[in-house]
Amino acid sequence: MRIGTKMFVGYILLIIVPFICFAYFVYSQLNAKLTTQYHLANQQNIEQLSANLDASLLKIESLYSIYQNNSALIDYLRGDAMNDRDLIYAYLKEISPAFSFGSLAEPQIDGLFVYPKYQRKLLTVSGIRPYEELQGELTNGELRTLSPKQGLWKKVKDADALSLVYYHQIYNDLYTNELGILAITVRSSIIDDFVQSIRHMHPGNAIVIIDNEGRVVFRNSDATTFGQLNEAALQEFTAVGDSSTSPFIVNSAPVKRLGWTVIELNPRESLFHLFRVKQWWLVAAVGLLILLSFLYYAIVSSLTKRVILLSRHMRKVGPESLGRSYAGPAGKDELGYLISNYNAMIARMDELVNRVQKVELLKKDAEFRMLQAQIQPHFLYNTLETMRMLARSHGDSIVSEMAYSLGNLMRYSLSKKDDASLGEEWEYLRQYLDIHQIRMPELHMEWMKDEAAAALSCPRYILQPLVENSILHGLSKRRGQKTIAVRMTLDGEFVTIVVADNGVGIPEERLAQLHQMLRGTHIAEESMHSDTGGIGLGNVIQRVKAYFGPQSSLTLESKLGVGTTCTLRLYREDREHAESVDR
């Protein structure tokens, strides 16, 4: 089974199937809980709205104290002897503004009226009505319920609306004599707004209001759908509350100041309709999950496709095909990063293999040239030693030292070791220049060596060709004092070796050719060897880069008539790491 198929099957078994099972379990468990929460939310809503209606009614009742404490109104209701002028003045200044204030203080008030029990004057002015009109509004029993601390709310039902009237007795200052009755009529909008606030949460519900005797006070138009419910059934709902066997979800709350009970009826099937909608949501969610699963499969396939192509490429990679990097899609994610690093590793391995092969070829070429020079080495050693002894016996120290230096040079040249240290190369260079100083007495040498750099291993014959070029091409054509300065310093990650002379310099055209040769990847064959059959600059830079890495460099600076400076920089970090790995 392919890795993409495995990931898809695992996704189905570990994600989709558990998700569907868990969703069904949670849905079935939460069904009853959601019904309870639905009922509690409705109950909290209707109780809060009923409390708000009670608060509004209490605010209206509180206006009674304004008129009970109005001295001008009390004096008028007592029937104190007042001429008509003073009576009209008191009405306009004290009584009528009190009526206006009540209407302005509470927008729900439709009108304020006082029914004087004894006073018979001013019965036609605004706010004053004859006491006899109360006989058609209040019964004797209702009048007896009025007291200084308790008023009476009574409903007034018109054809299209339900309004309220609040009645309260007005007494004298000592509350010993009844002077009249205050009537505050309330707009029908206070009940309409209350009902609409309840229906705002569930527009399809029905609102029924019953009084303390069980009579229906109000029923909205939608309540006709519940016409089979009589007043006894409504009282039973109010007493028992919601039941799982009932076809309705019932919520009720009292309006204490009116003695009413507000009942909200919601068909249980409306909640099931909500559940059915959620079931469709569940089906849509499952469909979306399947769609996302296919999208997931497409994304996983794009990842696994690159993994499969890379694995096929890796099976084909062998010693003969290291240069073939992965050419398929890489991307910019973590897998793309791995592919990029894999290609970099293949390229690096190919570069290292080519470098090793090139070093071996250069080594074989150097060994071949050394073999050409190995003509009876023991005979030459013995001859040079004989010449040195004869020169010493005749007191010729110059010839003796020359023979000694030449013998050391030959021993170093004919050594079988592949590598040397910079210190050994330095000593070989000193022996080489000692012979040239004997041949050229005007040659002056300047030496500066950093001992910390002397232990670095290096290929053999990388310093002598630099000095040889200075002597052959710079100093041999100069007359007078000749100077060569050799400096070896440790410069961070590099060992820097500088060979400077005061020769005739290099022409610009030739210098440009040398710069191109030292920077280029292909080096001309003639640059690989010196004019004397030795090792040229091209050979040196090739071996140095193969040994120390491409960070190493060889640069030339020259000015006609002034001299030439040759700088060799050896990158020692890679070499030290390689030596630690070898150890």
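Two strands are taken to pair if DSSP finds at least two bridges between them, and helices (H or I, at least four residues) and strands (E, at least two) are DSSP runs that are numbered from the N terminus. The structure is a predicted model, in which local features need pLDDT of at least 70 and side-chain atom pairs count only at pLDDT 80 or more, while totals for chains, interfaces and linings use all residues. Residues are numbered from 1 along each chain as its sequence is written, and side-chain values use heavy atoms, with hydrogens and water left out.

Under the pairing rule, 4 strands form an open sheet in the order E6-E5-E8-E7, with antiparallel pairing. Strand E6 (216-219) and strand E7 (248-255) stand at the edges, and because each has a single partner strand, one side of each is left without a neighbour in the sheet. Neighbouring strands of this sheet are turned against each other by 20 degrees on average, direction ignored, where axes are lines fitted to C-alpha atoms, for helices over the stretch in contact, and angles run from 0 to 180 degrees between N-to-C directions.

Helix H13 (residues 464-475) has 12 residues and reaches 15 Å from its first C-alpha to its last, which is close to the 16 Å expected at 1.5 Å a residue; the expected span is 1.5 Å times one less than the number of residues. This helix is mostly covered, as 9 of its 12 residues are buried, a term that stands for under 20% relative accessible area, with exposed meaning over 50% and partly exposed in between (1.4 Å probe, protein chains only). Among the buried residues of H13 are Pro 465, Leu 466, Val 467, Ile 471 and Leu 475, and also Glu 468.

A salt bridge is counted where a side-chain nitrogen of Lys or Arg lies within 4 Å of a carboxyl oxygen of Asp or Glu, and by this rule the count comes to 13 salt bridges. One of them joins the side chains of Arg 78 and Asp 173 (3.8 Å, N to O). This pair links distant parts of the chain, with Arg 78 in helix H3 (residues 71-78) and Asp 173 in the loop between strand E3 (162-171) and strand E4 (178-186), 95 residues apart. Arg 78 counts as partly exposed at 32% relative accessibility, whereas Asp 173, at 58%, counts as exposed. Asp 75, Arg 78 and Asp 173 are linked in a network of salt bridges. In another salt bridge, the closest N and O atoms of Asp 211 and Arg 215 are 3.2 Å apart; Asp 211 is buried, with a relative accessible area of 8%, while Arg 215 is partly exposed at 41% relative accessibility.

The side chains of Asp 491 and Arg 569 also meet in a salt bridge (3.6 Å, N to O), and this pair joins strand E12 (residues 482-491) to strand E15 (residues 563-571), the two residues being 78 residues apart. Asp 491 is partly exposed, with a relative accessible area of 42%, and Arg 569 is partly exposed as well, at 26%. The charged end of Arg 569 sits over the ring of Phe 494, 4.2 Å from its centre, a description that requires NZ of Lys or CZ of Arg to be within 6 Å of the ring centre and within 35 degrees of the ring normal. Arg 129 lies over the face of Phe 113, at 3.6 Å from the ring centre.
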